[in-house]
Amino acid sequence: MKQKYTIAEDGFVGYWHPANGHKGKAIIVFPGSGANYELTKNGSDFLAKAGWNRLLVAFAGWDGLPEDSVLAPVEYAEKAVQALKKAGFEKIGMYGISAGAKFAITAASLISDVSLVIAASPFDYTTEAFKGTRPLYQSTFSYHGKPLPYDETVTLHRNIISVLFRTAFSKKYGIRRMLRGCYDENIQTEKARIKVENMHADFLMQCPGYDDCWPSDEAVPRMKRILKEKGYPYRVKATVYKKGSHLLCGDLSCNPEYLKSMRKILQAEYTDQNACNQARKESMKEALAFLEGWT
């Protein structure tokens with residue numbers, strides 16, 4: 001494996017971090033929305049400490065990629081899988097938090113070589129891309145040159161200032177749940193649903209009791225139900241961390257300033273960051289235990 005992968009030479013942006021253990025297995029790590037390389041590496045270092053090889057792969061924001069996820073090619077993940085297979089890895093998994101979790105389940109639903117997925121605070125519908133408060137009338141993801149079907153981000157097609165003002169001062173949402181208020185306005189359609197039943201992977205999904213960013217607390221039980229109804233033949237585990245926040249299954253202890261900033265954005269972190277820290281520890285422990293059953 002190369003230490004660094006580039007769009008120009010390899011068709012994707014990636015950073016290889018080998019570990020001592022679990023020969024023949026590797027995990028592709030996708031960053032959350034706005035997470036840079038350092039935050040993504042630090043947050044997933046708990047995997048390396050347990051001996052898991054990691055390939056950090058970006059779909060936006062890194063090394064010249066567009067800052068916003070606009071028609072982000074799932075081929076980034078596909079080419080990363082091909083690189084790992086070429087290097088002799090027989091078992092390939094995917095891991096992500098938030099937008100990284102959404103990209104992971106999207107990729108795994110389209111790439112049959114992925115045999116394990118860990119998704120923390122995922123959302124199971126493809127949505128409209130946007131820049132700031134401006135809708136872009138495009139899907140967030142594409143595959144083989146075609147945009148994936150998406151649901152429009154409803155609030156961005158209205159008077160966004162009025163929407164944000166109303167949401168910020170509502171009893172239900174408030175200033176630290178404005179994103180959730182916007183997502184709750186969306187109308188979900190079957191065409192935009194990420195077809196997780198098409199995955200060929202063991203699947204661990206985690207969410208907080210209430211997600212301040214987007215409705216992962218609705219997505220996780222929905223995906224669990226759909227997989228059961230479809231007779232999904234692989235391992236499935238869905239865990240709700242009632243006192244956790246949107247930021248699960250990542251080690252943020254090395255980034256105290258980032259954690260401090262999250263108290264301004266997420267109600268759960270503002271209310272009880274100690275409880276959120278404990279949920280993160282428990283969710284990381286659960287992820288490592290789930291990985292041990294990956295055969």
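Buried means under 20% relative accessible area, exposed means over 50%, and partly exposed lies in between (1.4 Å probe, protein chains only). The views below show a predicted model, in which local features need pLDDT of at least 70, side-chain atom pairs count only at pLDDT 80 or more, and totals for chains, interfaces and linings use all residues. Residues are numbered from 1 along each chain as its sequence is written, and side-chain values use heavy atoms, with hydrogens and water left out.

View 1. Helices (H or I, at least four residues) and strands (E, at least two) are DSSP runs, numbered from the N terminus. Six of the six residues of β3 are buried, so the strand is largely enclosed by the rest of the structure. Lys 25, Ile 27 and Val 29 point one way from β3, while Ala 26, Ile 28 and Phe 30 point the other way. Two strands pair if DSSP finds at least two bridges between them. Strand β3 (residues 25-30) runs parallel to β6, with six bridges, and parallel to β4 (residues 53-58), with four bridges. Ala 26 has Asn 53 in β4 as its bridge partner.

View 2. In β6, Tyr 95 is the bridge partner of Val 29, and Gly 96 is that of Phe 30. Strand β7 (residues 114-120) is parallel to β6 and joined to it by six bridges; here Tyr 95 has Ile 118 as its bridge partner. From β6 the chain passes through helix α5 (residues 99-110) to β7 in a right-handed β-α-β crossover. Right-handed means that, with the strands pointing away from the viewer, the path from the first strand over the helix to the second runs clockwise.

**View 3. Helix α4.** The twelve residues of α4 (residues 75-86) should span 16 Å at 1.5 Å a residue, and the end C-alpha atoms are 16 Å apart, which agrees. The expected span is 1.5 Å times one less than the number of residues. Buried residues of α4 include Tyr 76, Ala 80 and Leu 84. Just after the helix, Gly 88 has a positive phi of about 100 degrees.

View 4. A salt bridge is a side-chain nitrogen of Lys or Arg within 4 Å of a carboxyl oxygen of Asp or Glu. By this rule there are 18 salt bridges. One of them joins the side chains of Arg 180 and Asp 217 at 2.7 Å, N to O. Arg 180 lies in α7 (residues 178-183) and Asp 217 in α8 (residues 216-229), 37 residues apart. Arg 180 is buried at 2% relative accessible area, and Asp 217 is buried at 16%. Salt bridges link Arg 180, Asp 184, Asp 217 and Glu 218 in a network.

**View 5. Two further salt bridges.** Glu 190 and Arg 193 form a salt bridge, with their closest N and O atoms 3.1 Å apart. Glu 190 is partly exposed at 47%, whereas Arg 193 is buried at 8%. Glu 229 and Arg 225 also meet in a salt bridge, at 3.3 Å, N to O. These two residues, Glu 229 and Arg 225, are four residues apart in α8 and so separated by about one helical turn. Glu 229 is exposed at 57%, and Arg 225 is partly exposed at 43%.
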